[in-house]
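Student: Could we go through the ligand site together, one question at a time?

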Amino acid sequence: MPQDNTHAEGDRKPIRIWVDGCFDMMHFGHANALRQARAMGDYLVVGVHSDAEIEKNKGPCVMNEDERYAAVAACKWADEVVKDAPYVTTLETLDEYNIDFVVHGDDITTAADGTDCYQLVKDAGRYQECKRTVGISTTELVGRMLLLTRDHHIRGTRAAGSPIQGVDREAVANFSQGSKPAGTLTGIAHYLSTSKKIVQFSSGREPRPGDRVVYVDGAFDLFHTGHIEFIRRARELGDYLL
Ligand code: CTP
């Protein structure tokens, strides 16, 4: 959810930042990019490409644009979401939203014709990089899913502890785009080891006396709009959601 502190300290003009992307099957790599970008300024505008724009430049998405817009809007570091943002970031777009500079992960993104999507803003000196989170990507998530079977969650089809038919658990756990030493997990483990970072994903406040505290739990695998809506409704039932 958008944060309250969208104003600059003192009298200086608030720094407005732009991040754009597909945000397909939004994962913590995306959230971590928004976290880093938000920390570089005071107000974060996130441009999300439409299905048609992505199809033209990259190929089809798993999630449709409404699901992707909702996922980004639910991220606490996004102050504003711009729907149907152009795939190649233009200075006109930045000016329209009064943006100081663009932030993108430290990888290159190209359009259908092979040009760097950020060349225009790079040339204008309005481009900054944040650190891309290793070991997680939409491609990787799709790859992990492809290693599972259609009925791997159906109960009663196997004895407790026996291997699930057709599922190579190790292959699923270790599936990664990059090469990793045998037996190690992806960059997820590396990322989660920093508890200081995890804390930033919550509101950071303690429940107040008299607060109605609501607790939910779940696996939240492939976090999607159904999860987001569930959490939103649970939060409405009380004052503090755990
Ligand atoms: N990003 C990141 N770390 C990741 C994945 C994405 O920092 N592991 C950043 C990208 O660099 C970009 C933003 O998240 O600044 C949005 O990325 P997106 O356009 O959705 O595409 P990809 O970079 O292709 O992400 P993915 O590979 O997961 O589809």
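**The shell around the ligand**

Tutor: Happy to! Each of domain 1 (16–130) and domain 2 (134–191) gives at least three residues to the shell around the ligand, with bounds from an automatic or database domain assignment. This is a predicted model, where local features need pLDDT of at least 70, side-chain atom pairs count only at pLDDT 80 or more, and totals for chains, interfaces and linings use all residues. Residues are numbered from 1 along each chain as its sequence is written, and side-chain values use heavy atoms, leaving out hydrogens and water.

Student: Which element gives the most to the shell around the ligand?

Tutor: Helices (H or I, at least four residues) and strands (E, at least two) are DSSP runs, numbered from the N terminus. Both β4 (101–105) and α1 (28–39) supply at least two residues of the shell. The most, three residues, come from α1.

Student: Which residue has a backbone N or O atom 2.9 Å from an oxygen atom of the ligand?

Tutor: Let's look at polar contacts, pairs of N or O atoms within 3.5 Å. A side-chain N or O atom of K58 is 3.2 Å from a ligand oxygen. For G105, a backbone N or O atom lies 3.1 Å from a ligand oxygen. The backbone atom at 2.9 Å belongs to C22.

Technical notes
A polar contact is a pair of N or O atoms within 3.5 Å; within protein, one must be able to donate a hydrogen and the other to accept it, and residues adjacent in sequence count only if both atoms are side-chain atoms.
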